[in-house]
Every structure is written in structure tokens, then in C-alpha cells.
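Trainee: I have a structure on screen and would like to learn how to read it. Can we go through it feature by feature?

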Amino acid sequence: MVRKATATLWSDQDRHPGDRERLFIAVSNAIEADRVLYPGSFVDISPSFVFDSVVYVDTDKRAAKFFADEEGVLEIIAEHEHAPAEPEITFLHADYTEPLDMPARSADLLVSLFAGFVSDHCTDYLRIGGTLLVNGSHGDAGLVSIDPRYDLEAVVIARAGEYRVSTANLDTYLVPKKTQEVTRERILASGRGIAYRVPAFAYLFTRTD
Ligand SMILES: C[S@@+](CC[C@H](N)C(=O)[O-])C[C@H]1O[C@@H](n2cnc3c(N)ncnc32)[C@H](O)[C@@H]1O
């Protein structure tokens, strides 16, 4: 049975019911991935609604308590139509800026959503040819856009709670509104996303190196 505290944390996370599930369904239809790494996940277990094996990482004590209710977490996952039959869930109560207890290049998909400079610290865990899903907040997408290890492959467009992955007109994305030089130092110092002329909800990059 799902513990009350687990259910409450999940319903707070799933404020717009099914929103993240729809995001990850769209992403899973666009890429091949089994093993996912999600640093700064808090209690967002929606990748497990579609992907077989997910490593969640967070420093927050509430997230640690949430994942400690393994039976409850698996029960929430099982309620979802596309959930794998036997989802593998690992929670690391850890700071992702420090070395994580997982092998290098072991993830097919690295997720960076509203959690800081995940790409900067966790790219080593992503296999070459693997995918990074990153949104525009906190500056991580800007950092990746100038990272020679990554190529932009697609964007995720959100409209009225629906998500679509598009590869059209990719050169129109990640172009800053203001004429400014995009540098690593500037992005790290501001810790904020860059305002782009044509924004997307998120971006899918391939690790090439
Ligand atoms: C704004 S929440 C976003 C949670 C989730 N990614 C989402 O989109 O709903 C940011 C989370 O990242 C975690 N976080 C930030 N920096 C971290 C770090 N260095 N290591 C581990 N977790 C971190 C915080 O504890 C927090 O739970």
C-alpha cells in the first residue's frame, strides 16, 4: 500500500495530472533508451512510467523518504498504462556535483529538468550516442548549446499540455533574443536560462564525444 506521505508528495508533484507522463511518452517515442539517469529528480518518478530502469538522484530528505517507500512507489508506477512490467528504480541520496555510485557511460538518457547544471556534472555517466533531455531553465540548455560534446537533435514542443518532438528548423532554436556572446562563464555566473527568440519546452541533444 502507498504510504500517506508518499501519496501526498506524489500528488503535489503531479500538480497537472499526467503532464510529465505525456512528456516522457513523447520522448520515449523519439529515442531508444532503457537506462535513465535523473539528477535533481526530487520525487518526479514519471520517467519510470515509460522507461525500464531509472536512477534518481537528489539531496532532499523528503525525496529519500519517498523512495524508501519502495512498495508505494512501485504501486504508483504500476497505475500507468505504459509502465514496464518490472521497473527498476534506484534512488541515490547524493549530491550530483560529487561522484555518483554508478559506472561511466551507463545511461542511455540523462534528464536535466529544473535542477541546475546537470550536464556539466553528469555527462560522464551518459554513453556516447545517448540523449540528454534538458529544459531552458537554470541555464543548463545554454551550457549544452556551447558544449562540443553535444549536438542538438530535436526539440520538445509543448502546447496545451501535449508534447511533440520535432526536428524541423532546428537552426532557429537556441538563438538568444539579445545580441550577446553566450559563454560558459556568463551562464554559470547567472545560473539562469537564456531568453531565446524561438523557445522550446525542452531540447534533445546527442552526446557525440
Ligand atoms: C526545482 S526541483 C525540480 C525537481 C524535478 N526535476 C522536477 O522537474 O520536478 C530541483 C531539485 O534538484 C535538487 N538538486 C539541486 N541541486 C542538486 C544537487 N547538486 N544534487 C542533487 N540534487 C540537487 C533539489 O534538491 C530539488 O529537489
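The dialogue below goes from the whole chain to the sheet, then to single residues and the ligand.

Mentor: Start with the ground rules. This is a predicted model: local features need pLDDT of at least 70, side-chain atom pairs count only at pLDDT 80 or more, and totals for chains, interfaces and linings use all residues. Residues are numbered from 1 along each chain as its sequence is written.

Trainee: How many helices and strands does the protein have?

Mentor: Helices (H or I, at least four residues) and strands (E, at least two) are DSSP runs, numbered from the N terminus. Here there are seven helices and eight strands. The radius of gyration is 17 Å, close to the 17 Å from the globule rule for 209 residues, so the protein is as compact as a globular protein of that length. That radius is taken over C-alpha atoms, and the rule is 2.2 Å times the number of residues to the power 0.38. Along the principal axes, the C-alpha atoms fill a box of roughly 55 × 35 × 30 Å.

Trainee: What share of the residues is buried?

Mentor: Count C-beta atoms, placed from the backbone. A residue is buried if 20 or more others lie within 10 Å of its own, exposed if 12 or fewer, and partly exposed in between. Buried residues make up 39% of the 209. Contacts use a separate cut-off: two residues touch if their C-beta atoms, placed from the backbone, lie within 7 Å. Among contacts between residues at least 6 apart in sequence, 62% join residues at least 24 apart.

Trainee: In which order do the strands of the sheet lie?

Mentor: Pairing comes first. Two strands pair if DSSP finds at least two bridges between them. Eight strands form an open sheet here, in the order β3-β2-β1-β4-β5-β8-β6-β7, with mixed pairing. The edge strands are β3 (88-92) and β7 (162-166), each pairing on one side only. Neighbouring strands are turned by 20° against each other on average, direction ignored. The angles, on a scale from 0 to 180 degrees, are taken between N-to-C directions of axes, which are lines fitted to C-alpha atoms, for helices over the stretch in contact.

Trainee: Which strands pair with β5, and in which sense?

Mentor: Strand β4 (residues 107-112) pairs with β5 in the parallel sense over five bridges. Leucine 109 has threonine 131 of β5 as its bridge partner. Strand β8 (residues 202-207) pairs with β5 in the antiparallel sense, also over five bridges. There, asparagine 135 stands opposite alanine 202. Strand β5 (residues 126-135) is mostly covered, with seven of its 10 residues buried.

Trainee: Is leucine 37 buried or exposed?

Mentor: Leucine 37 lies in strand β1. It is buried, because 29 other C-beta atoms lie within 10 Å. Strand β1 (residues 35-39) runs parallel to β4, joined by two bridges. Leucine 37 stands opposite leucine 110 in β4. Beyond four places in sequence, its contacts include Val55, Cys122 and Tyr125.

Trainee: Where is serine 46 found?

Mentor: Serine 46 sits in the loop between β1 and β2 (53-57). A loop residue can be read the same way. Serine 46 is buried, because it has 27 other C-beta atoms within 10 Å. Leaving aside neighbours within four places in sequence, it is in contact with Arg20, Glu21 and Phe24.

Trainee: Which residues have a positive phi?

Mentor: Most residues other than glycine have a negative phi, and most peptide bonds are trans. Histidine 138 has a positive phi near 60°. It is found in the loop between β5 and α6 (140-145). Five bridges join antiparallel β6 and β7, and valine 155 has serine 166 in β7 as its bridge partner.

Trainee: How many residues surround the ligand?

Mentor: Near means a C-beta atom, placed from the backbone, within 6 Å of the molecule. By that cut-off 16 residues surround the ligand, and the closest are Gly40, Phe42, Tyr96, Leu113 and Ala115. The shell has seven nonpolar, five polar and four charged residues. Ala, Val, Leu, Ile, Met, Phe, Trp, Tyr, Cys and Pro count as nonpolar, Asp, Glu, Lys and Arg as charged, and the others, Gly among them, as polar.
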